[in-house]
Amino acid sequence: MSRPGAARPGASVARPRAALWLGLAGLMLVLIGHALLLHGAFWRGDDPSLLRHALDSPGLRAFHDAAHWQALSPSNLTPWAVQSLRLDALAAGLTPDFFYARQVAALAAVLVAGFVLMRPWLGVGPALAALGVFAGSASTASVVQQLMTRHYLEGLLFALLALLAHGRSLGAATPSGRSGWAVAAAAAYALACTAKEVYVPLVLVAAVWPAIEAGDRPQVGARAGGWRRRALALGPWVLVALAYVLWRRAMLPSMVGGYGTLSALATPEGLGAILRALAGLPALWLAPVGWGDAGRALAPGRGDDWQTG
């Protein structure tokens, strides 16, 4: 007879299992919601120009033909955005439903990779809760609903896979295992860099990323392999980052720029625009979820800017 208040046998196993199924059900509902919203959607925004460039980019031309790439964008280097749409067109022709189904599939893949990455540190319940907030947020919905922003989503997937492989490389028990995971991590990091520039600094995160040993157990302290193992695992990342700098210099007329120039931002008008944009962030975050009044109270005069971009 068990003591009063004592945990029943198997209760500690049942709770994480219940949290897992409950969390998975919630995430499935979010994915189904995205799919229903996108059913029957057509081309939007920059989709036609991206599709045209994708169809005019045989093989890997978008990755190595500078003049061809600059016809689409002389200031950003995101050839994966074109390549991803090209793969869709090769698989299903110009069928919008297929393209949007791939959007939802990419989000599902991000959620799976995110869960595997976070579970050793947070546990099942908190990891699923964090993913639920991410998947159901207005910012994620905005990315999922636009083909022209798919490369942010797939770039995030590559970044998560890179960190997963890097953690395995640091925690692998054999030299062959460490080198294999290190190459996989560098390959995923390279793909993330071709998807969007925002993922290039990921090499700095990798420099301090913790090790994960077999069985998804985090390694800490001396068990993490030491600085020599970490330096060897980080080597391929550094090579990719250096190659990216050379590649960007060859593909674009300027190393930096984006949608503007540094000289324009370094003026009083440019700095004022930056400050006004930062002041408008509360409204940008809160208005889409029905808290526009709170956003306007935090940023007077900026509460409606999110509607006009």
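Which hand does the crossing of helix 6 and helix 7 have? Hold that one for a moment. First, a word on what you are looking at. This is a predicted model.

Start with the whole chain. The protein chain has 17 helices and 2 strands. There are 309 residues, and 39% of them count as buried. Now the contacts. Take those in the protein chain with a separation of 6 or more: 69% of them join residues 24 or more positions apart. Then the surface.

The crossing of helix 6 and helix 7 is right-handed. Helix 6 covers residues 96-122, and helix 7 covers residues 124-136. Their axes come within 8 Å and cross at roughly 145°. Who makes the contact? On the helix 6 side, look for L107, V110, L111, G114, F115, M118, R119 and L122. On the helix 7 side, look for V124, P126, A127, L128, A130, L131, F134 and A135. By class, that contact has 14 nonpolar residues, 1 polar and 1 charged.

Next, helix 9. We will look at two of its partners. Helix 9 itself spans residues 150-171.

Partner one is helix 10, residues 175-195. The two axes are 8 Å apart, and the packing angle is about 160°. Helix 9 and helix 10 are therefore roughly antiparallel to each other. The crossing here is left-handed. From helix 9, the contact takes in H151, G155, F158, A159, L161, A162, A165, H166, R168 and S169. Helix 10 answers with R178, W181, A182, A184, A185, A188, Y189, L191, A192 and A195. Sorted by class, this contact of helix 9 with helix 10 gives 14 nonpolar, 4 polar and 2 charged residues.

Partner two is helix 12, residues 226-251. How do the axes of helix 9 and helix 12 cross, and at roughly what angle? They come within 9 Å and cross at roughly 150°. That makes helix 9 roughly antiparallel to helix 12. The crossing of helix 9 and helix 12 is right-handed. Helix 9 brings A162, L163, H166, S169, L170 and G171. Helix 12 brings R229, R230, A233, L234 and W237. The classes in this contact are 6 nonpolar, 3 polar and 2 charged.

Now two single residues. Stay on helix 9 for E154. Is E154 buried or exposed? E154 is buried, with a relative accessible area of 6%. What does E154 touch, leaving aside neighbours within four places in sequence? The contacts of E154 are W80, S84, R102 and A106.

The other residue is A54, in helix 2, residues 47-55. A54 is buried as well. Its relative accessible area is 2%. Leaving aside neighbours within four places in sequence, A54 is in contact with V82, L85 and R86. One more distance for A54. A54 and A89 are 35 residues apart in sequence, yet their C-alpha atoms are 8.5 Å apart in space.

Helix 6 with helix 7 is right-handed. Helix 9 with helix 10 is left-handed. Helix 9 with helix 12 is right-handed. That is my tour.

How values were computed. Residues numbered from 1 in each chain as written. Predicted model: local features only at pLDDT ≥ 70, side-chain atom pairs only at ≥ 80, totals over all residues. Heavy atoms only, no water. Axes fitted to C-alpha atoms, helices over the stretch in contact; angles between N-to-C directions. Helix = DSSP H or I, 4+ residues; strand = E, 2+ residues; numbered from the N terminus. Parallel < 35°, antiparallel > 145°, perpendicular 65-115°, else oblique. Left-handed = near helix turned anticlockwise from the far one by under 90°. Contact = heavy atoms within 4.5 Å. Nonpolar A, V, L, I, M, F, W, Y, C, P; charged D, E, K, R; others polar. Buried < 20%, exposed > 50% of the residue type's maximum accessible area, 1.4 Å probe, protein only.
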